[in-house]
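Here are a few exercises to work through with the viewer open. Try each one yourself before reading its solution.

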Amino acid sequence: MSAETSASSSTSETSAGLRSGQLADAAGVNPQTLRYYERRGLLPEPERTLGGHRVYPPDAVALLRVIKAAQRLGFSLDEVAELLEAGRHHHGRDSGGLQARAAAKLAEIDARIADLQVIRAALVEAVDAGCDDLTACATSDCCPLPFTELAIEERRARRA
Ligand SMILES: [Zn+2]
């Protein structure tokens, strides 16, 4: 309850290990994320101190950076788990799995970019047309927003 207790006993000189808070800080995630990754099997269950605190190996920082970077590249946590798994069993000519998945992710992202460009074009038109009321727009013939169809590009081509 007080500050007295923390100063006592082993202030844990866990030589090479990191406490949850230290690891979370070092990797730039919050401590709940560590538990979450642990439950999802991304982060190995850590050892415990006598007091029951989790102690992570120093290389857990690098692992967390890998997980975060992969997420940033658009991989879901399930996909990250599979990539890590493939990497662990990666020997000889076995694939680490990244090539194929990165190529698939690239195609997925290209499709999303194309879709976003369609959406962007529609929004530009809506802004240019002064659209200000979705309900009114929905019944207006000259509104560029595609209420009845998704064929925005077709409409734009017709208008151009
Ligand atoms: Zn409109």
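Before you start: this is a predicted model, where local features need pLDDT of at least 70, side-chain atom pairs count only at pLDDT 80 or more, and totals for chains, interfaces and linings use all residues. Residues are numbered from 1 along each chain as its sequence is written.

**Exercise 1.** Find out where pLDDT stays under 50.

*Solution.* Start with the overall picture: mean pLDDT (the predictor's confidence in each residue, from 0 to 100) is 83, and 79% of the residues reach 70 or more. Now go to residues 1–14, where pLDDT stays under 50. The model has 3 contacts beyond four places in sequence for that stretch, a contact being two C-beta atoms, placed from the backbone, within 7 Å.

**Exercise 2.** List the elements and work out the strand order in the sheet.

*Solution.* Reading from the N terminus gives α-β-α-α-β-β-α-α-α-α-α. Next, pair the strands, which takes at least two DSSP bridges between them. You get an open antiparallel sheet ordered β1-β3-β2. β1 (18–19) and β2 (47–48) each have a single partner strand, so one side of each is left without a neighbour in the sheet. Finally, zoom in on β2 and β3 (residues 54–56): 2 bridges join this antiparallel pair, and R48 stands opposite R54 in β3.

**Exercise 3.** Is L18 buried or exposed?

*Solution.* Locate L18 in strand β1. Then apply the cut-offs: 20 or more other C-beta atoms within 10 Å means buried, 12 or fewer exposed, in between partly exposed, with C-beta atoms placed from the backbone. L18 has 21, so it's buried. Leaving out residues up to four places away in sequence, L18 touches L23, A26, V55, Y56, P58 and A60.

**Exercise 4.** Track down the largest nonpolar core and the elements that give two or more residues to it.

*Solution.* Look for buried Ala, Val, Leu, Ile, Met, Phe, Trp, Tyr and Cys residues joined through C-beta atoms within 7 Å. The largest such set has 13 residues, with L23, Y37, L42, L43, A60 and I67 making the most contacts inside it. Elements giving two or more residues are α2 (20–27), α3 (31–39) and α4 (60–72), and α4 supplies the largest share, 4 residues. To finish, check I67: beyond four places in sequence, I67 touches Y37, L42 and V80.
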